[in-house]
Amino acid sequence: MADESSITMDVRETFEGKTSVITGAASGIGEGIARVAAEAGMKVVLADVAEERLQRVVKDIRSAGGDAIGVVTDVTDRDAIENLADVAEDRYGEITLAVNNAGIESIGFSWEIDPATWDRVIDINLRGVIHGTRSFARRMISRGTEGFIANLSSVGGLGIMPTQTPYIMSKHAILSFSECVYLEMQFAEHPIHVSAVLPSSVRTRIFDEALTDRNSGFTEGQRVRMAQAIEHGLTIEEAGRRILAGIAARQFWVSTEPEATAAFAAQRARYLEELRPPALTQEMRYLLGE
Ligand SMILES: NC(=O)c1ccc[n+]([C@@H]2O[C@H](COP(=O)([O-])OP(=O)(O)OC[C@H]3O[C@@H](n4cnc5c(N)ncnc54)[C@H](O)[C@@H]3O)[C@@H](O)[C@H]2O)c1
């Protein structure tokens with residue numbers, strides 16, 4: 001469990017006693033945020049398609065003294081998201097924090113990845129975030145009190161990576177979507193903070209499924225390197241603490257490794273400034289198993 005002493009005052013002052021809804025919360029970063037939010041005194045509504053894992057995490061949070069429920073939800077289904085918000089409000093009242101976190105990976109050449117996988121990545125990673133933002137934003141706006149919406153992009157949303165094309169594309173789209181919604185809230189003068197979350201490496205199950213799809217043209221070397229890339233990442237609790245702290249601080253860009261993210265963004269800015277053509281870097285070649 002997260003170390004309670006490391007939950008900042010900012011997080012407690014902003015969120016204690018309030019309600020959060022987190023999608024994709026039965027594993028990984030969503031689970032980490034849920035655990036930390038519960039320790040900070042939030043009432044937590046965890047949503048996921050994986051019922052068994054979901055109930056396990058809910059049970060764990062409760063036995064640690066947290067207040068949580070699980071609602072089986074497929075984020076690609078707009079009605080299911082409305083139901084999630086209804087259940088959360090019926091149980092705990094107004095929702096202060098919504099984290100649109102559910103996301104999946106896919107590995108392989110764009111032309112080899114099958115159409116169903118392409119659709120699934122776009123439906124979960126992008127449409128899921130849009131459905132969640134629309135539903136929770138409308139509810140928060142009609143209430144008129146301060147609200148927080150955090151959308152999970154990735155440092156990959158600032159860069160490019162061959163053989164992760166559907167994923168990278170979805171993470172870029174989440175950034176521009178979140179930037180525009182942030183400005184819409186400003187223009188319409190609603191007290192809703194929008195954050196784009198850019199995790200670096202976090203130890204989760206995100207590659208488990210993607211790396212078992214062996215029809216997409218990736219090599220064994222790549223499989224090993226991809227798995228290693230997150231093996232040395234942050235724990236889910238540490239990622240959850242950093243992310244919740246950034247959201248509570250009302251940051252738009254929420255990073256798990258701010259210095260590395262800033263350096264990465266600067267590199268991307270230079271590339272765009274000079275309008276260089278895309279080029280395979282040594283790091284890409286390494287991740288591609290060379
Ligand atoms: N792990 C990392 O290093 C990393 C880095 C950058 C960004 N991210 C982003 O963080 C988010 C969480 O990823 P993670 O690494 O914790 O992965 P994860 O696979 O551990 O967790 C994702 C969860 O989403 C759930 N999910 C999948 N499809 C769903 C659907 N249709 N509806 C509801 N839930 C669904 C899964 O069951 C799973 O519990 C993703 O958006 C991912 O892109 C992760």
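**Pockets, ligand and a few residues**

Reply: Happy to! Let's begin with the second largest pocket, which is lined by Ile-130, Thr-133, Arg-134, Ala-137, Arg-138, Ile-141, Phe-177, Val-181, Glu-184, Met-185 and His-190. Keep in mind that this is a predicted model.

Me: Thanks. Which elements give two or more residues to that lining?

Reply: Those are helix 5 (115–143) and helix 6. Helix 5 gives the most, with six residues.

Me: How much space lies in the second largest pocket, and how does its lining divide by class?

Reply: The space comes to about 160 Å³. As for the lining, six residues are nonpolar, two are polar and three are charged.

Me: On to the ligand. How many residues surround it, and which are the closest?

Reply: The ligand has 29 residues around it, and the closest are Ser-27, Ile-29, Asp-48, Tyr-167 and Thr-204. By class, this shell has 13 nonpolar, 11 polar and five charged residues.

Me: Which helices each supply at least two residues of that shell?

Reply: Helix 2 (28–39) and helix 6 (165–188) each do.

Me: New topic: Ser-255. Is that residue buried or exposed?

Reply: Ser-255 counts as buried because its relative accessible area is 14%, and the cut-off for buried is under 20%. Ser-255 sits in strand 7 (residues 253–255).

Me: What does its side chain contact?

Reply: The side chain of Ser-255 makes a polar contact of 2.7 Å with the side chain of Thr-261. A polar atom of the Ser-255 side chain also lies 3.1 Å from the backbone nitrogen of Glu-257.

Me: And Glu-52, where is that?

Reply: Glu-52 is in helix 3 (residues 51–63). Its relative accessibility is 65%, so Glu-52 counts as exposed. In sequence, Glu-52 and Val-72 are 20 residues apart, while their C-alpha atoms are 9.6 Å apart in space.

Me: I'd also like to check the backbone angles. What is phi of Glu-189?

Reply: Phi of Glu-189 is near 55°, a positive value in a residue other than glycine. Most residues other than glycine have a negative phi. Glu-189 lies in the loop between helix 6 and strand 6 (192–198), and Glu-189 is exposed because its relative accessible area is 70%.

Me: What about phi of Arg-250?

Reply: Arg-250 has a positive phi too, near 60°. You'll find Arg-250 in the loop between helix 9 (236–248) and strand 7.

Me: Why is Arg-250 called partly exposed?

Reply: Its relative accessible area is 36%, and partly exposed covers values between the buried cut-off of under 20% and the exposed cut-off of over 50%.

Note on methods:
Residues are numbered from 1 along each chain as its sequence is written. This is a predicted model: local features need pLDDT of at least 70, side-chain atom pairs count only at pLDDT 80 or more; totals for chains, interfaces and linings use all residues. Side-chain values use heavy atoms; hydrogens and water are left out. A residue is near a molecule or strand if one of its heavy atoms lies within 4 Å of it. Helices (H or I, at least four residues) and strands (E, at least two) are DSSP runs, numbered from the N terminus. Ala, Val, Leu, Ile, Met, Phe, Trp, Tyr, Cys and Pro count as nonpolar, Asp, Glu, Lys and Arg as charged, and the others, Gly among them, as polar. On a 1 Å grid over the protein atoms alone, a cavity is a set of points where a 1.4 Å probe fits but cannot get out, and a pocket is an open set with protein on both sides within 12 Å along at least five of seven lines; lining residues have an atom within 4 Å of a point. Grid points are joined across faces, edges and corners, and a volume is the space filled by probe spheres set on the points. Buried means under 20% relative accessible area, exposed over 50%, partly exposed in between (1.4 Å probe, protein chains only). A polar contact is a pair of N or O atoms within 3.5 Å; within protein, one must be able to donate a hydrogen and the other to accept it, and residues adjacent in sequence count only if both atoms are side-chain atoms.
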